[in-house]
2 protein chains.
Amino acid sequence: MDSLPPAGLAWIGVDWGTSHMRAYAMAEDGGVAAQASGPGMRSLVGGDFEGALLGAIGGWLGGWRGQRPLPVVLCGMVGSRQGWQEARYLPVPQDLGALGGALTAVDTRDKRLQAFLVPGLAQHDPFDVMRGEETQLAGYLAQDGQADLVCLPGTHAKWAQLRGNRVTHFTTAMTGELFELLSERSILALSMRQGSADEGMDAQAFADAVQQSYHAPQGLMSALFSVRAEGLLRHEDGARARGRLSGLLIGAELAGVRLCAGRRVALIGEPALCAAYRDGLALVGLDGEVMDGRSMVLAGLASIHRQLLHHGLRVAEV
Amino acid sequence: MDSLPPAGLAWIGVDWGTSHMRAYAMAEDGGVAAQASGPGMRSLVGGDFEGALLGAIGGWLGGWRGQRPLPVVLCGMVGSRQGWQEARYLPVPQDLGALGGALTAVDTRDKRLQAFLVPGLAQHDPFDVMRGEETQLAGYLAQDGQADLVCLPGTHAKWAQLRGNRVTHFTTAMTGELFELLSERSILALSMRQGSADEGMDAQAFADAVQQSYHAPQGLMSALFSVRAEGLLRHEDGARARGRLSGLLIGAELAGVRLCAGRRVALIGEPALCAAYRDGLALVGLDGEVMDGRSMVLAGLASIHRQLLHHGLRVAEV
């Protein structure tokens with residue numbers, strides 16, 4: 001823990017979600033000098049967030065000789081009510097250039113650090129919230145992303161409409177969480193476990209189910225049970241049941257997003273999951289462009305850090 | 001356990017579902033002479049079903065003096081692959097008068113009993129199965145039910161189209177299981193627990209959500225998350241979240257059943273749940289007639305027992 005700080009260390013960016021914390025030592029030249037990981041928000045509720053952060057990045061601070069505390073910019077569920085401290089929500093429509101001026105300062109015991117939580121976004125009609133994805137969207141814009149519709153697949157998939165630097169509207173689909181609950185804890189789990197033990201997914205079953213659900217989303221509640229009935233009556237492999245369940249849910253999600261034909265959609269997230277969404281979009285006639293989720297978080301944190309410096313200077317000038 | 005058998009005992013009917021077993025001592029005059037309960041199928045998988053049955057009804061057999069074994073007619077998930085023994089599925093369209101001629105005999109160690117499993121129904125386009133509800137439908141027809149659409153709400157709600165004595169088509173919606181998973185094990189659980197600790201449901205939130213979901217079922221995947229967002233942004237009570245979740249799911253279910261306006265729907269099941277469905281149907285302009293689920297099971301088992309006697313006599317004549 002008494003090693004030297006990573007070369008050129010200027011600030012620390014932290015992507016702290018429900019299940020994982022990922023910390024990045026950022027160099028003055030904008031590169032990642034080192035990275036570390038730690039426990040997610042869920043395993044720390046009511047506990048010592050600062051201790052968990054120092055457990056991950058403490059080694060970088062051993063020889064810290066900066067004249068000021070080291071800025072730490074944290075995004076994700078760490079800023080939720082169950083997290084370290086609740087960060088605010090900014091309303092939509094919202095210019096993402098304003099995130100860095102609306103950070104919530106966290107009072108740390110370790111005075112070598114100056115920690116800030118990134119605000120989330122809130123929408124009131126219909127009600128919706130995001131925490132973490134706003135940083136990826138800021139990263140996408142900072143890298144000159146051109147799509148006006150961005151999907152961030154995951155446990156709770158976000159779809160955001162962009163105009164210029166603004167998020168004008170967004171919606172959240174519980175697709176990932178429903179897939180997990182239904183495939184592991186519902187009657188459908190019996191069909192998932194049939195046949196070979198691998199966790200594969202049948203591509204044809206996925207494609208057929210996306211089409212079915214996209215064109216007849218009102219049938220979703222019944223179609224889900226058909227996954228079990230087909231498993232019982234045809235003794236199908238679990239890979240077919242998994243493909244069908246995933247396709248039914250993603251098809252219903254796509255039906256709800258009111259996509260305009262010909263629109264280009266940017267997909268930001270974990271590559272395999274984004275690829276499934278790109279396949280789903282292609283089946284309904286749309287192009288999806290996959291962007292790496294980690295790169296977008298880093299670009300977003302860097303953009304917010306620049307905004308923070310800008311606002312910090314202006315505050316100093318007053 | 002050595003008490004006398006209930007007066008007039010002629011046969012035993014058993015409604016043996018996933019979570020409960022309910023046994024009825026049926027008198028010659030058609031009345032229920034005694035009743036008992038026992039563990040559901042789920043807690044017995046791979047175990048001693050006969051022992052569990054005797055644990056419930058053994059007291060009725062102590063002084064059994066019949067010249068033949070006592071007929072026991074069992075319906076429900078006890079006849080599934082995970083149950084006592086797998087009973088067959090009959091295909092739809094299916095005359096429910098044929099159930100008693102397609103029973104699966106179970107070889108019991110206790111020769112005072114002659115046990116029979118009621119067959120389920122299977123449909124191949126789209127795939128669907130039922131076990132237990134076919135007996136309630138037979139009971140409904142035996143009591144001169146006139147509706148041509150019957151809904152049996154529950155963990156897996158069944159909707160059956162009837163024509164004369166036949167089931168021509170049916171569909172299953174996972175509404176009850178989804179409500180349980182989402183309200184107890186998903187992110188939405190946080191909103192269910194807000195405010196007062198009672199388990200009530202806000203009627204206005206339910207009504208609004210039924211309408212929303214019935215008229216725009218393609219929005220279901222997003223609307224579900226709005227329950228959480230509303231809880232976060234408006235600090236609403238759990239009763240509102242429960243009403244909204246229930247309404248969204250039931251509204252989406254109703255949208256999928258392709259109801260014809262003006263159609264009368266019979267609702268068979270647990271009274272409080274049937275009342276929620278009747279309210280939902282009324283909101284979309286349809287009349288629902290609530291029938292008690294237990295009465296329908298008893299009428300169905302009695303009808304199947306009569307069919308068994310009829311078939312038994314014919315077999316004896318050969």
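Predicted model: local features only at pLDDT ≥ 70, side-chain atom pairs only at ≥ 80, totals over all residues.
Residues are numbered from 1 along each chain as its sequence is written, chains are lettered from A and ligands numbered from 1 in the order in which they are written, and side-chain values use heavy atoms, leaving out hydrogens and water.

**Stop 1: the helix pair.** Select residues 175–185 and 238–256 of chain A, which are helices α3 and α7. Helices (H or I, at least four residues) and strands (E, at least two) are DSSP runs, numbered from the N terminus. The axes of α3(A) and α7(A) are 10 Å apart, at an angle of about 150°. Axes are lines fitted to C-alpha atoms, for helices over the stretch in contact, and angles run from 0 to 180 degrees between N-to-C directions. α3(A) and α7(A) are therefore roughly antiparallel (an angle over 145 degrees).

Now show side chains. In α3(A), A:L178, A:F179 and A:L182 are among the residues that meet α7(A), whose own contact residues include A:L245, A:L249 and A:I250; contact means heavy atoms within 4.5 Å.

**Stop 2: a sheet in chain A.** Select β6, β13, β12, β11, β14 and β15, which form an open, mixed sheet in that order. Strands pair if DSSP finds at least two bridges between them. β6 (94–95) and β15 (287–292) of chain A stand at the edges with a single partner strand each, so one side of each has no neighbour in the sheet. β6(A) pairs with β13(A) (residues 166–173) in the antiparallel sense over two bridges, and A:Q94 stands opposite A:V167.

**Stop 3: a sheet in chain B.** Here six strands run in the order β3-β2-β1-β4-β8-β7, again as an open sheet with mixed pairing. Pick out β4(B) (residues 70–75) and β8(B) (residues 113–117), which run parallel and are joined by five bridges. Then select residues 49–61, helix α1(B), which lies across β1, β2, β3, β4 and β8 of chain B.

Methods: Parallel < 35°, antiparallel > 145°, perpendicular 65-115°, else oblique.
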